[in-house]
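Please read the numbered points below alongside the sequence and the model.

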Amino acid sequence: MTALFIGLLVCLAIIAYFFIYVTSKINSLESKVRDKGSEIDGGIWDRGFQLSKIIEILEANGIDHELEKVDVNTFGLGMSPTMQALNAEKTDQQDKKLREMIKENPIVEKLTKEEELAVHIQKFNNARIELDKAGKEYNQAVNSYNAYIVGFPGSVMAAFHKKSSKSIFGYYFIDFDAKTEK
């Protein structure tokens, strides 16, 4: 009877260990997805903010433009990947317009040589690079999380904790011609 009781305790301890280990693994993968999603949110916000500064400089110099300010106040942490992709696309479209304006308008091109505008354009471009990187890292984290919760024993624990698969960041940035990069 004592051996049976000890065996039962050992089995319960093993089950508890696996329960805790798998739950911890799922939570850490989910946390990584959340962190990478926050990096995307930050990158989108930074691009929108830099774009607004660029527009302010253009308007202060009396330059007509078709650029639209992106309201960064509507951005929040925890946006869905669909909203993130939509906002990334909006800023990429404005980026395309800005690049065309620089290429076609000699006054704007001259302004890009001045420090204030040049700094904001550089920050705008750097934020794009960081956003692209964050999107790729986010998708890797999502793929790891999704793969873990569909296999055994992750699927059992995911069902127990009511965890579901995550969506990827599905935006591919416009491939700008190297000649128009500023």
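1. The second largest pocket has a volume of about 170 Å³, where a pocket is, on a 1 Å grid over the protein atoms alone, an open set of points where a 1.4 Å probe fits, with protein on both sides within 12 Å along at least five of seven lines, and where a volume is the space filled by probe spheres set on the points, which are joined across faces, edges and corners. The model is a predicted one, in which local features need pLDDT of at least 70 and side-chain atom pairs count only at pLDDT 80 or more, while totals for chains, interfaces and linings use all residues. Residues are numbered from 1 along each chain as its sequence is written, and side-chain values use heavy atoms, with hydrogens and water left out.

2. This second largest pocket is lined (an atom within 4 Å of a point) by His-65, Glu-66, Leu-67, Lys-97, Glu-100, Met-101, Glu-104 and Asn-105. Its lining divides into two nonpolar, two polar and four charged residues, with Ala, Val, Leu, Ile, Met, Phe, Trp, Tyr, Cys and Pro counted as nonpolar, Asp, Glu, Lys and Arg as charged, and the others, Gly among them, as polar.

3. Lys-97 is partly exposed, with a relative accessible area of 30%, on a scale where buried means under 20%, exposed over 50% and partly exposed in between (1.4 Å probe, protein chains only). Leaving aside residues up to four places away in sequence, Lys-97 touches Glu-66, Leu-67 and Glu-68, contact meaning heavy atoms within 4.5 Å. The C-alpha atoms of Lys-97 and Leu-67 are separated by 6.8 Å, although the two residues are 30 apart along the chain.

4. The largest pocket has a volume of about 230 Å³, and of the 15 residues that line it, Val-33, Arg-34, Gly-37, Met-79 and Tyr-138 are the closest to its centre. H1 gives the most to this lining, with six residues, and H1 and H2 each supply at least two. By class, the lining holds five nonpolar, six polar and four charged residues.

5. H1 is followed by Gly-62, whose phi is positive, near 70°.

6. Two backbone features deserve a check. The peptide bond from Phe-152 to Pro-153 is cis, with omega near 5°, and Pro-153 lies in the loop between H4 and H5. In the segment after H5 lies Lys-162, a residue other than glycine with a positive phi, near 55°, which counts as exposed at 75% relative accessibility. Most residues other than glycine have a negative phi, and most peptide bonds are trans.

Note on methods: Helices (H or I, at least four residues) and strands (E, at least two) are DSSP runs, numbered from the N terminus.
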